[in-house]
Structure formats: structure tokens, C-alpha cells
Amino acid sequence: MNVIIVGCGKLGTRLANTLCRLGHDVAVVARKSNGFSDLSDDFSGITVSGVPLDQDVLQQAGIDACDAFLAVTEDDNQNIVISQIASQIYHVPKVITRIMDPSRETVFEDFGMTTVCPTKLTAGTVLNTVLDEISDQMVTFGVHTADFVVRYDKHWVGKMVCEIPLHDKEMIYAVIDAAGGMTLAVDPERVIGKNERIVFSSLVD
């Protein structure tokens, strides 16, 4: 796969080194040549220095034959504009944009952009760690975060799934049996057995 990475900070460098080791053809674009100093000694891709918004720079990086384009600079606005150039002018099949500000993700989703928000991912990881004792897990899909919580109540034993009370905007995601096995797409008439727990899910944002 031919991959262009715009931005060679800690994230861009890690992506470039990893993708190269996996055997992909990688081109890294950064404003200044000293931005490539942290690339590993075995980095086998190409580096292009220049303004990423300049189409000549992007063409030097091989955007005409690009399979995936990753805009991961620390500037949200720059990432957005570059991604639109890659998508709308060069029709790159897969364009991924780093967006640091979670409040802006929904807006850019309306443009059909695939975004990754490190701020939300980090917050989710921290919350998962903090809330681990109550089996609460938050997972981000695209621009939305879903909350999964496991609960047990002895009064549910003998009741059907459809009879279990739900909190606001909550749904039953799965049932965990006494042996630890999980059943998805739960039959609403399934009867809850002894020591069985229920996984509830809801959208956080």
C-alpha cells in the first residue's frame, strides 16, 4: 500500500516507522527537513520537505498513486484542508484526519471525513481505567462514544430480557452467562438465569 503521512511529530514518526516495518511504501511530508530527524535508521520510505498545502509538494510525495493519506499535523485546520485536497482533487481512496478538538468532529463528519480524535481516545482510556471497578467501559466509534456497563441484580433471575428495566437511552447489548460466555443480539424472550449479568450500552455523545 502507498501511504502518505503529512506531519512528522511523535504521531507521524511512529506511524511512518511502523508502516515501513510492515512493508508498506511510505512518504512523509513535513515543512522542514529537520522534522525527519526522529525517523528510525531502518526507515525505507521517502521524505519530502515543503508546505503540505502545495500540490507540487504532494505530487513529489506521490499523491497521484496514493492508497491512503494520513493528515496528522498538530494543526486541525491544516489537517482538514489537506485532507479535502487529497479526497476531492486527487480522489485518494482512504483519507484519515487527526482532529484534536472533539467539538469539531461532528461538523467534519458531515463532509464525509474520517477523523481520529486523540483527545477523545485518551479521555476514554483514562475513564476506563478509573471506572474499571464498576465494569464501565467507554469506546469511541468514529465521532461518537458508547458506554458499556455490566450489571447484576438477583431480582432479574427468572425474568425475560424484555422485562429488565432500562435507564434513559439505554439498550441491552449482551448477556454474560454464569461461565463467562457472552451472547450478543439477545432474544428479548430469553430468561435470565442465576449468576448471569447483563451488558447495557448507551451513547455518551
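Because the model is predicted, local features are reported only at pLDDT of at least 70 and side-chain atom pairs only at pLDDT 80 or more, while totals for chains, interfaces and linings use all residues. Residues are numbered from 1 along each chain as its sequence is written, and side-chain values use heavy atoms, leaving out hydrogens and water.

The protein contains 5 helices and 11 strands; helices (H or I, at least four residues) and strands (E, at least two) are DSSP runs, numbered from the N terminus. Of its 205 residues, 40% are buried, where buried means under 20% relative accessible area, exposed means over 50%, and partly exposed lies in between (1.4 Å probe, protein chains only). The accessible surface comes to about 11600 Å², and carbon and sulfur atoms account for 54% of that area; such areas come from the Shrake-Rupley method with a 1.4 Å probe, and for residues only the protein chains shown count as cover.

In soluble globular proteins, nonpolar side chains tend to be buried together. A nonpolar core is here a set of buried Ala, Val, Leu, Ile, Met, Phe, Trp, Tyr and Cys residues joined through side-chain atoms within 4.5 Å. The largest one has 18 residues, and Ile4, Val29, Ile63, Phe69 and Val92 have the most contacts inside it. Two or more residues come from each of strand 1 (2–6), strand 2 (25–30), helix 2 (55–60), strand 4 (68–71) and helix 3 (76–89). Helix 3 gives the most to this core, namely 3 residues. Ile63 shows how the parts meet: beyond its neighbours within four places in sequence, Ile63 touches Ile4, Leu58, Phe69, Ala86, Tyr90 and Val92. There is also a second, separate core of 15 residues, with Ile5, Ala16, Val28 and Ala68 among them.

Strand 4 leads on to the pairing of strands, which requires that DSSP finds at least two bridges between them. Strand 4 runs parallel to strand 5 (residues 94–98), and 4 bridges join the two. Phe69, already met in the largest core, has Val95 of strand 5 as its bridge partner. From strand 4 the chain passes through helix 3 to strand 5, making a right-handed β-α-β crossover; right-handed means that, with the strands pointing away from the viewer, the path from the first strand over the helix to the second runs clockwise. Strand 5 also pairs in the parallel sense with strand 6 (residues 114–116), over 3 bridges, and here Thr97 stands opposite Thr115 of strand 6.

A salt bridge is a side-chain nitrogen of Lys or Arg within 4 Å of a carboxyl oxygen of Asp or Glu, and the count comes to 3. In one of them, Asp42 pairs with Arg21, with the closest N and O atoms 3.6 Å apart. This pair links distant parts of the chain, 21 residues apart: Asp42 lies in the loop between strand 2 and strand 3 (46–49), and Arg21 in helix 1 (residues 10–21). Asp42 is partly exposed, at 47% relative accessible area, while Arg21 counts as exposed at 54%. Glu170 forms a salt bridge with Arg151 at 3.0 Å between the closest N and O atoms, and Glu170 counts as buried at 12% relative accessibility. Glu196 and Arg190 form another, their closest N and O atoms being 2.9 Å apart; Glu196 is buried at 10%, whereas Arg190 is partly exposed at 22%.

How values were computed:
Contact means heavy atoms within 4.5 Å.
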